[in-house]
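Thank you all for coming.

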Amino acid sequence: MTTSLIAEPGANPGDEEPTDPRDTAGEKHRLTAVTGLAALSLDAMASVAYGPEAIVLVLAAAGAHGLGFTLPVTLAIAGLLAVLVASYRQVIAAFPDGGGSYAVAKTHLGPRISLVAAASLVLDYVLNVAVAVTAGVAALTSAFPGLYGNRLWICLAVLVLITAVNLRGIVDSARAFIVPTVVFVGSILVLIAVGLFRSAPVSTEAATGHASVLADNATAVGALLLLKAFASGCSALTGVEAIANAVPSFRTPRARRAQHAEIALGAVLDVMLIGLSVLIARFHLQPVEGVTVLAQLADASLGHNWAFYVVQCATMILLALSANTSFGGLPVLLKLLARDNYLPHVFALKADRQVHRHGVLTLAGVSAALLVFSGGDTNTLVPLFAIGVFVGFTIAQVGMVIHWRGVPGSLGKTLLNGLGALLTGVSAIVVTATKFPDGAWLIVVALPLLVLAFQAVHRAYARIGERLGLGRIPRCPAHSRSLVIVPVSGISRLTSEALTAANSLGDEVRAVTVCHTDPEDRAAIEALTRDWTLWNPGVALIRIASERRTLGKPVADYVRQVSAMDPSTRVTVLVPEAEPEHVWQRILQNQRGAIVAHAVRRDTDAVICRLRFRLS
């Protein structure tokens, strides 16, 4: 049997505390360059499943002649990818605390632009989870059509699985996902290598019986079409920024490991994108309804056998798991926003295993709402996707141009970032304009609303800081007379423990009990008064009359009266509560203590102490 005294207001106790950056005990729960690829690059890796296809579908509007521009457009995207990787390698070195475009903009472009960058990343991370899960489940239901009616429940089950793994820590998630990542990358590289040695498709069974989406009698390929194809294909670049956002998740030396992971991601992604585009041109592949371009390439290169199904299964699994990129990057970004007072401070807390638990759970909750809203349909979400990431790309590039200003020998870096800013800015405009009628207008509306929400939180924290006098030396503490009020309803060991604790806290102690007008209640009060006199604990029992059958309000009114009579007296309300031995036994309690504590906290300025009398 033990007792504990918990004071309110104050921090809610728990297992989460801000982590000391000098503490190296948690290094084993951080990422290496290899595990960082598995944890933070699944989004970018999986984009090869839909990036080349997005290019082909746009160019198909110009017929077979248009498909001939697939490789040049892909090379342009690969060039932009190289620019972005080089730029984010610089961002990692310059901003090792993570945050990516948000950190760059906050330093060089001002708080308002930094919030635009943060909002765009938040939106894109959330959408990435929903799109990735629905895309993976769509691949599953394509192979097993009988599951199509249950796709929403399957999506939610996958989301729960990914969330549970991430609650165990980013390293555990990386270890869990490293095998699917290796299998997927390996199968794509084998597909490319084998395909380069074939002069013609070994099989076209996957596309047989499916209608072609190639336009007839269309030969003109204009600049606008190429620009649209480029912008659509740039969806393959989503996730490139995730490593720069999550640098603190890496082991020391953090910046160097993150840079290695970023370079490896860029190299592998470039090889896969270019290799697949070469095969599209080599096999003269035409898009068809109901079959992905990647499936046709696997069929043409490897044949319609077990290898084909390995590629399909690996693609399906990695698409679903690519949501893990958001779980690795967004909680770190939310931590930085909370540290800067733009989000509730609870997002800055870490649990064991370096987990930003509140960020993970919030991302899962919002993503689940999106899945329910879309009904598990990928096509409902895709028009909203990738806009935010290009906004973040552009802001980061512009900020890095300013970063290099005045630095000797930085002309090449400045030109590199300037070119990246131009290309990503144009892509952002084109993607927004082309997807606006299909639902992208929701992002255009949501982004400024999210920025306004950040600013509202920041103003609230500023007001709180002003009232608390943060940053200023307060006056020295002084002793004042203290009165402790203990609500009681009977005499027991709990009552004795409460009065003992109250006597140790205050100069004066008063026990109070609420009296109702019912005959039964009056008899109980008379019995309590008689027993109290016989017990004689040395503390006066005050009877508070109440015509209404409430507990909290009469006690709160009495506290206000006492405070008004002597404003210099510090009033404390000590609420005694029994702590049951088993959790399920809490439903057996009447919750009177919680009711009284809530009323006093809401209606008075008194200090509240809740004494837990443990029954174990």
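This is a predicted model: local features need pLDDT of at least 70, side-chain atom pairs count only at pLDDT 80 or more; totals for chains, interfaces and linings use all residues.

**A walk through the model**

Let me start with Q259, which is buried, with a relative accessible area of 13%; here buried means under 20% relative accessible area, exposed means over 50%, and partly exposed is in between, with a 1.4 Å probe and protein chains only. Residues are numbered from 1 along each chain as its sequence is written, and side-chain values use heavy atoms, with hydrogens and water left out.

Q259 sits in helix α12, residues 254-282, where helices (H or I, at least four residues) and strands (E, at least two) are DSSP runs numbered from the N terminus. If we leave aside its neighbours within four places in sequence, Q259 is in contact, meaning heavy atoms within 4.5 Å, with R89, I92 and A93.

Apart from neighbours within four places in sequence, L528 is in contact with S489, G490, I491, T513 and L541. As for L541, which lies 13 residues from L528 along the chain, the C-alpha atoms of the two are separated by 9.5 Å.

How many cavities of 30 Å³ or more does a search of the whole structure find? The search finds three, where a cavity is a set of points, on a 1 Å grid over the protein atoms alone, at which a 1.4 Å probe fits but cannot get out, and lining residues have an atom within 4 Å of a point. Grid points are joined across faces, edges and corners, and a volume is the space filled by probe spheres set on the points.

The second largest cavity has a volume of about 50 Å³, and of the 10 residues that line it, the closest to its centre are D43, Y50, A132, L319 and S322. Both α2 (42-46) and α7 (111-143) supply at least two residues of this lining, with α7 giving the largest share, four residues.

Finally, the aromatic rings. A search of the whole structure finds four aromatic pairs, a pair being rings of Phe, Tyr and Trp (its six-membered ring) whose centres lie within 6.5 Å, with planes under 30 degrees apart counted as stacked, over 60 as edge-to-face and the rest as tilted. One of the pairs is F308 and Y309, which is edge-to-face, at 5.2 Å centre to centre and 85° between the planes. F308 is buried, with a relative accessible area of 6%, whereas Y309 is partly exposed at 46%. Elsewhere, Y88, F390 and F393 form one aromatic cluster.

Definitions and conventions: On a 1 Å grid over the protein atoms alone, a cavity is a set of points where a 1.4 Å probe fits but cannot get out, and a pocket is an open set with protein on both sides within 12 Å along at least five of seven lines; lining residues have an atom within 4 Å of a point.
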